[in-house]
Structure formats: structure tokens, C-alpha cells
Amino acid sequence: MRKALLAVAAALSCVAHAQTDVLIEIDRGRTEGFFTKSPVFQRAILAKPAKPSDMALLYFRGYPGIARIQSVADKQGNLQPFMRMNQRIFAEEGIALVVMDCPTDQWNATVSRVTSCLDSYRSSREHADDVRSVIARLRDEHGYAKFFVMGHSFGTISSRWLAKNLGSEISGSIHSASMNGPNPLGYADSLSGFSYDTLAAPILHVHNENDACPYTPYSIVKEYAGENLVTVRGGVGTGDPCGAAHLHSYQGREELVVRSIISWIKTKKVDRLIGD
């Protein structure tokens, strides 16, 4: 009998922490293509927790930055492993995780090299307006009231410009493994001299102190982040130093990073050092 009760309790717990994936698709009222005049869509995937919530975290993926979302089946492949393997924690804590895409007029013609959805778009008012359309849908149709933006690596081009251009429309911004270093293709050049003092909503920076990617040096983030920095210590340094694993993406420290981010979202308390 006891085993049966425990099994029922476990099942109810799983249901309570379950989530429903919802495709968000918004016609942005503009067209692309000289001849086809195809409508432009802004898409995202909402992982909606079963637990009632008023908080949503809009996540902008790392390189190549373009998610190419067409259905909810595209969610998993557009979450870096540290986010993907711990997404249940967001559901448990009542935070909706929203995987963001670039609008379809910013998709590459090919996938061999990123040639669109770059700094000129990500720093623009148009990008802010496209994201506003998602926020409005989340608010009006799904009942969310507090919105946070988070970018990882390449995605921090968006998260920082959105923090500036959305101002107090969001409740905070999170910048993980931020791009800052010299880049041969010019990615993140728009952030040179970026003023964090002008941002209206609270800010959190997260970075491994031994990040080996030359385009995301910890030393630069440490200079400007001040007391708003979570320093991640230790981890597993294998794979591509700028890829979805390695210290750059918190391999070996994945859950610690996610729990620290969630703690900040809920309390604004900064875990200054996590790891060894």
C-alpha cells in the first residue's frame, strides 16, 4: 500500500512539474522577397509550466543564433545543453521558458555561414518591436506579467540591446558567456563601449572564469559587471572552446548555473561565486 501511495505521489509531482510546449507565430505585417512578397513571421516556443506563473524567460540561443523554428519539435535543438538538460527546473519553479527565433526575414539563405540576424538587426528598434510582439502575446493570451531576456554567447548581442531598447518593459536581463573579444567576422562589434549604466531593469552576468573561447573573455566581463556577476568556477574543459559544451557553456556546472539564474530572477540575489 505504501509503495502504491508513493507511486501516486510521484506521478502527481511529475504532473505538477510538467510543461506544455506552445508554438507562437506572429505575422509582423511586413514582407520579404522582391517577387514573392512572403509574409514575415516572428516565432518562438513557449514551454508553459503546469504550475501557475506570471514569469517568462525569453531565451536567445548561441551561435548561429537563428533557430529556424517551424514547430515545437524545434525546441530541444535550440537550447544549449546546460539549459536543455535543466529545463525541468524552470517548470518546477514556475518560470515559463520561451525559446526565441529571429524573424523569418532574418533567416540565412544557407546554413553554412551566418550572414543575417547580426548586429545591425539585433541592435535595432525593429528587433525590439519584434520581441515586443511576443511579449504582448505571452501577456494577452497566456497571462504572463514579468518578462526577462537571456542571451548566451552570440545571443548576448540581443540580450544587451534588448535590455537597452525595452527598458522598464522587462523585469531584468541575463547575459551568459557574453561576446566581447575581437571577432574576425565582426560579431558583437556593436557592443564596443556599450553603457550598462543606462539600463533601466536589473542586470545579471554569468561567466566561467576560465572560459577558453577567445571571443568571450572573462576578464572584460569582470571589468564592467561589478557586483552583478556570477563567476562560475571549475567544470569540464572538453570539446569546442566556443561551443555548446566546454567551460564556455558550463559543462560540469550546468545545474548550478541554472539554479543561480533562477534564484536571481526570484530574489535578485547574486551568487558571486559558484562551483569549486
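## Aromatic rings

Rings of Phe, Tyr and Trp pair if their centres lie within 6.5 Å. In this predicted model, Trp161, Phe194, Tyr196 and Tyr224 form one aromatic cluster. The structure holds 8 aromatic pairs.

Take tyrosine 63 and phenylalanine 154. Their ring centres are 5.7 Å apart. Their planes meet at 80°, so the pair is edge-to-face. The two residues are 91 apart in the chain, and the pair links these distant parts. Tyrosine 63 sits in the loop between strand S3 (55-60) and helix H2 (81-84). Phenylalanine 154 sits in the loop between strand S5 (146-152) and H6. Phenylalanine 154 counts as buried, at 1%.

## A pair inside the cluster

Tryptophan 161 and phenylalanine 194 also form an edge-to-face pair. Their centres are 5.2 Å apart, with 85° between the planes. Tryptophan 161 lies in helix H6. Phenylalanine 194 lies in the loop between strand S6 (172-176) and strand S7 (203-208). The pair therefore ties together parts that are 33 residues apart in sequence.

Both names belong to the cluster described above. Tryptophan 161 counts as buried, at 14% relative accessibility. Phenylalanine 194 counts as buried too, at 12%.

## The nonpolar cores

In soluble globular proteins, nonpolar side chains tend to be buried together. Here, the largest nonpolar core has 32 residues. Which of them touch the most other members? They are Leu57, Met83, Ile174, Val206 and Ile265. Helix H8 (residues 254-267) gives the largest share of this core, with 6 residues.

Now look at methionine 83. Leaving aside neighbours within four places in sequence, methionine 83 is in contact with Leu57, Tyr59, Phe90, Leu97, Met150 and Val258.

## Leucine 166

Leucine 166 lies in helix H6 (residues 156-166). Leucine 166 is buried, because its relative accessible area is 2% and the cut-off for buried is under 20%.

What does leucine 166 contact, leaving aside its neighbours within four places in sequence? The partners are Ala128, Val131, Arg132 and Ile135. Proline 64 is another matter: leucine 166 and proline 64 are 102 residues apart in sequence and 23 Å apart in space, C-alpha to C-alpha.

Key. Residues numbered from 1 in each chain as written. Predicted model: local features only at pLDDT ≥ 70, side-chain atom pairs only at ≥ 80, totals over all residues. Heavy atoms only, no water. Helix = DSSP H or I, 4+ residues; strand = E, 2+ residues; numbered from the N terminus. Buried < 20%, exposed > 50% of the residue type's maximum accessible area, 1.4 Å probe, protein only. Contact = heavy atoms within 4.5 Å. Core = buried A, V, L, I, M, F, W, Y, C linked by side-chain atoms within 4.5 Å. Phe/Tyr/Trp six-rings, centres within 6.5 Å; stacked < 30°, edge-to-face > 60°.
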